[in-house]
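Subject: Structure for your files

Hello,

Here is the structure you asked for. My notes on what was found follow it.

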Amino acid sequence: MRGVFRSSGQWWRGAIVLCALWAVAAWMTTPVIEAEVAGQAAEALKSTVLDKTRLTPAGRDIIFSADAFSEEGRRSAVASVEAVPGIRQVVDQTRLVPQASPFVWSIERDVVRVTLSGSAPLPASRARLADATRAEVGGVEVSDRMTLARGAPSRFDAVALLLVDQIGKLKEGKITLSDTKISLSGMARDLGGREAIAAALRNLPEGYSVVDNDIKAPPYVFQANKDPVASTVTLTGYVPDNAVHAALASAAGQKFFNEKVVDNLKASIGAPPGFATAVAPALGALSRLSTGTLVVSDREVRLSGDALFESAVSQIRGELNKDMPPGWSVKAELSVKPAPSPVDATVCQQLFNELLGKSTVRFEPGSATIDKDSAGLLDRLIETAMRCPGAGIEVSGHTDNDGDAGFNKTLSERRARAVVDYMVRAGLSPERFRAFGYGSTIPAADNDTEAGKAKNRRIDFVIR
């Protein structure tokens with residue numbers, strides 16, 4: 001019997017072995033169970049809309065934390081996890097996302113990036129807005145600083161996406177949606193952008209309204225650059241409509257007789273009052289420069305470059321100021337081109353012929369008043385006369401054969417005298433010039449055609 005009791009006293013050793021085996025089995029199977037439980041719980045939540053979802057298994061228990069967007073949604077999510085087979089207990093740590101009041105969302109653009117901030121009602125809304133912004137501003141950095149919140153007004157997504165569409169029309173600025181009130185500020189990217197934004201927001205969903213629209217239009221800029229090396233005048237910027245475009249392009253062709261006009265103008269709304277009235281004489285002033293740039297920005301005319309001779313500087317400034325419409329200003333930064341080298345009388349005559357072969361001095365119909373479009377040609381004739389200071393010059397006027405011969409002769413002489421007076425006012429000695437009028441007696445072309453008559457109405461310079 002003592003042997004039996006002695007043997008039975010060793011039972012605890014078997015118990016230790018069994019416990020060890022149980023522990024090993026539990027250690028090996030628990031992770032499998034937890035992974036299975038967590039996977040099933042995650043599957044059960046696939047159709048729910050949550051944020052920051054976290055499922056932490058503890059054996060067959062689940063610690064469930066998440067941010068829900070409604071109380072109904074939160075309860076439904078918890079119930080879905082509780083219904084998963086094999087889960088013993090759900091430790092509910094879910095909560096509702098914060099309520100935003102007012103519900104504010106904004107999109108802002110600067111020179112570097114576009115920033116989305118404020119609240120979005122759902123993760124899908126946030127992603128949709130960020131993707132739409134990237135598509136709208138292609139290549140510009142998009143910073144997503146939106147947070148999720150409850151309290152969005154109905155049709156929030158549709159209105160916010162409409163506002164995203166407008167950010168592409170801004171050079172810089174900010175659009176804010178506060179509940180159902182929209183505020184805008186900044187600078188439109190292009191002329192007409194401000195009006196396009198206003199038109200896009202004209203038919204907002206019911207209940208939404210624009211309470212503040214401070215979008216500014218960019219400056220209305222017209223520019224002309226005269227390049228003597230390329231012998232071009234390039235027109236860029238904007239004109240109000242096709243009629244003004246055609247008129248200015250035609251005027252440029254007449255004023256810049258010695259250069260090719262490159263027309264890159266575009267028609268756009270937003271021109272200041274008096275635009276065409278200001279640009280036409282400003283182009284005339286540019287035509288008198290050797291090289292120069294004209295910039296018309298809103299109601300300011302800026303002219304810079306080199307005049308052909310000293311007295312032209314004050315003339316250009318004075319006439320440009322006089323020709324401006326009310327409310328317009330002029331800034332003229334003019335210098336004088338270095339004087340070209342002197343030439344003899346023969347070369348001087350060749351230079352006169354070249355200039356007058358490209359254009360002619362024009363006058364108002366039936367009058368001896370010089371057309372302002374001829375100012376550029378006259379300044380080059382003056383510069384040429386300055387290169388041969390010892391030469392006497394005959395300025396002769398000619399007409400076509402229309403009308404009375406006596407009237408034509410008198411008119412041609414008056415026109416020649418007007419040109420001489422122009423030269424003298426520029427500083428040339430009056431003793432160097434003689435004015436003659438020949439009427440229609442020395443035609444340069446046939447008077448039977450309009451083209452021929454136009455050639456006969458001319459001023460000639462002859463070295464004597």
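Strand β15 (residues 300-307) runs parallel to β16, and eight bridges join the two. Strands here are DSSP runs of E with at least two residues, helices are runs of H or I with at least four residues, and both are numbered from the N terminus. Two strands count as paired if DSSP finds at least two bridges between them. Within this pair, Arg302 stands opposite Lys331 in β16.

This is a predicted model, in which local features need pLDDT of at least 70 and side-chain atom pairs count only at pLDDT 80 or more, while totals for chains, interfaces and linings use all residues. Residues are numbered from 1 along each chain as its sequence is written, and side-chain values use heavy atoms, with hydrogens and water left out.

The sheet is open, with six strands in the order β13-β12-β11-β14-β15-β16 and mixed pairing. Its edges are β13 (260-267) and β16 (329-336); each has a single partner strand, so one side of each has no neighbour in the sheet. On average, neighbouring strands are turned by 10° against each other, direction ignored.

Two helices lie across these strands. Helix α7 (residues 242-255) lies across β11 (221-227), β12 (232-239) and β13, at about 165° to β13. Helix α8 (residues 275-287) lies across β11, β12, β14 (289-297) and β15, at about 160° to β14. Axes are lines fitted to C-alpha atoms, for helices over the stretch in contact (heavy atoms within 4.5 Å); angles run from 0 to 180 degrees between N-to-C directions.

**Nonpolar cores**

A nonpolar core is a set of buried Ala, Val, Leu, Ile, Met, Phe, Trp, Tyr and Cys residues joined through side-chain atoms within 4.5 Å; buried means under 20% relative accessible area (1.4 Å probe, protein chains only). The largest core has 68 residues, of which Phe222, Leu283, Leu294, Leu381, Val419 and Phe461 touch the most other members. Its largest share, seven residues, comes from α8. Domain 3 (221-336) and domain 4 (345-463) both contribute residues, so this core lies between them; the domain bounds come from an automatic or database assignment. A second, separate core of 33 residues includes Phe69 and Tyr208.

**Ser412**

Ser412 lies in helix α12 (residues 405-425). It counts as buried because its relative accessibility is 1%. Leaving out residues up to four places away in sequence, Ser412 touches Gly397, His398, Thr399, Phe436, Gly437, Tyr438 and Gly439.

Regards

Technical notes:
Buried < 20%, exposed > 50% of the residue type's maximum accessible area, 1.4 Å probe, protein only.
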